[in-house]
Amino acid sequence: GEDKKVSSDGEKTYTIGISQFAEHGSLDNCREGFLEGLKEEGIEEGKNLKISVKNAAADQGTAKQISDSFVSDKVDLICAIATPSAQSAYNSAMDSEIPVVYTAVTDPVAAKLAKEDGTAVGNVTGDELPIKAQLEMIREMMPDAKKIGILYTTSEANSVSALAKYDDLAGDYGFEIVEKGISQTADISLAADELLGEVDCLTNLTDNTVVASLPTILEKANDKKIPVFGSEIE
């Protein structure tokens, strides 16, 4: 089987599986950035690189099927985008020789992708939400606000850890956090309605399931004239 990995000019061809948890701007950016970085190193699709991109549509079970299939296809590397996909990829590839590169992971330690001291259990790169700065900004823009609403997915470790930090810091700025946990996209409409009845504003985490349904949430918030703060440029 090795001959299929050599291109016509004798150069090695790499196969990379990209497992993306959901379809939204921030995660799409992560994928584009990853491919751009490879290109800068001379690894380019159509030249010496084959890419298989699969999207889990915010479903944990699908994410596992995707990473299992990449391992059975013996790809050279898995790029996992967002915490649930990263967890699946790490578990699927654990007993193989396949390296996994993660991106869009808020808290690798909570997701068990890094040890307590921050050293990698695999090849991990993560990002952290600037929660303190977010609270400062909300307080500055809404001097009288008391309650901040947060919608989050209970099975996303990244959201659970970010929420804990919000709970920890909110009191310093005179805020109370009102949270609504959901387990699937279908829960969002009702949860948003309930939350908007109780709070002065909403703030978003980098929660994949919630961000994928942002148009619904924004429409409901606009109807109630409740501001929504984002957590990333997209």
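These are my notebook entries on a predicted model of one chain.

**Entry 1. Confidence and overall form**

I began with the confidence values. The chain has a mean pLDDT of 90, and 92% of its residues reach 70 or more. I then asked which element has the lowest confidence and which the highest. The lowest is helix α7 (residues 208-212), with a mean of 89, and the highest is strand β7 (residues 201-203), at 98.

Next I looked up the make-up of the chain. I find eight helices and eight strands. The C-alpha trace spans about 65 × 40 × 30 Å along its principal axes. Of the 234 residues, 46% count as buried. I also checked the contacts between residues at least 6 apart in sequence, and 65% of these join residues at least 24 apart.

**Entry 2. Helix α1**

I took helix α1 (residues 25-40), which has 16 residues. From its first C-alpha to its last, α1 reaches 22 Å, close to the 22 Å expected at 1.5 Å a residue.

Which residues of α1 are buried? I list Ser 26, Leu 27, Asp 28, Cys 30, Arg 31, Phe 34 and Leu 38.

**Entry 3. Helix pairs**

Two packed helices are described by the angle between their axes and the distance between the axes.

For helix α2 (residues 60-72) and helix α3 (residues 83-93), the packing angle is about 40° and the axes are 8 Å apart. The two helices are therefore oblique to each other. I record the crossing of α2 and α3 as right-handed. On the α2 side the residues in contact are Gln 60, Ala 63, Lys 64, Ser 67, Asp 68 and Val 71. On the α3 side they are Pro 84, Ser 85, Gln 87, Ser 88, Ala 89, Ser 92 and Ala 93.

For helix α4 (residues 131-141) and helix α5 (residues 157-170), the axes come within 10 Å and cross at roughly 50°. That angle makes α4 oblique to α5. The crossing of α4 and α5 is right-handed. In α4 I find Ile 131, Lys 132, Gln 134 and Leu 135 meeting α5, where the partners are Ala 162, Lys 165, Tyr 166, Leu 169 and Ala 170.

For helix α6 (residues 188-196) and helix α8 (residues 214-224), the angle is about 25° and the axes are 10 Å apart. That makes α6 roughly parallel to α8, because angles under 35 degrees count as such. This crossing of α6 and α8 is right-handed. Ile 188, Ser 189, Ala 192, Asp 193 and Leu 196 in α6 meet Ile 217, Lys 220, Ala 221 and Lys 224 in α8.

I looked up Thr 209, which sits in helix α7.

Asp 144 lies in the loop between α4 and β5 (147-153). Asp 144 is exposed, with a relative accessible area of 67%. I also took the separation of Asp 144 from Ala 56, which is 88 residues away along the chain. Their C-alpha atoms are separated by 41 Å.

Most residues other than glycine have a negative phi. I noted two residues with a positive value.

Ala 58 is one, with phi near 60°. Ala 58 lies in the loop between β2 and α2 and counts as partly exposed at 22% relative accessibility.

Lys 74 is in the loop between α2 and β3. At 62% relative accessibility, Lys 74 counts as exposed.

How values were computed. Residues are numbered from 1 along each chain as its sequence is written. This is a predicted model: local features need pLDDT of at least 70, side-chain atom pairs count only at pLDDT 80 or more; totals for chains, interfaces and linings use all residues. Side-chain values use heavy atoms; hydrogens and water are left out. pLDDT is the predictor's confidence in each residue, from 0 to 100. Helices (H or I, at least four residues) and strands (E, at least two) are DSSP runs, numbered from the N terminus. The expected span of a helix is 1.5 Å times one less than its number of residues. Buried means under 20% relative accessible area, exposed over 50%, partly exposed in between (1.4 Å probe, protein chains only). Axes are lines fitted to C-alpha atoms, for helices over the stretch in contact, and angles run from 0 to 180 degrees between N-to-C directions. Angles under 35 degrees count as roughly parallel, over 145 as roughly antiparallel, 65 to 115 as roughly perpendicular and the rest as oblique. A crossing is left-handed if the near helix is turned anticlockwise from the far one by less than a right angle, and right-handed if clockwise. Contact means heavy atoms within 4.5 Å.
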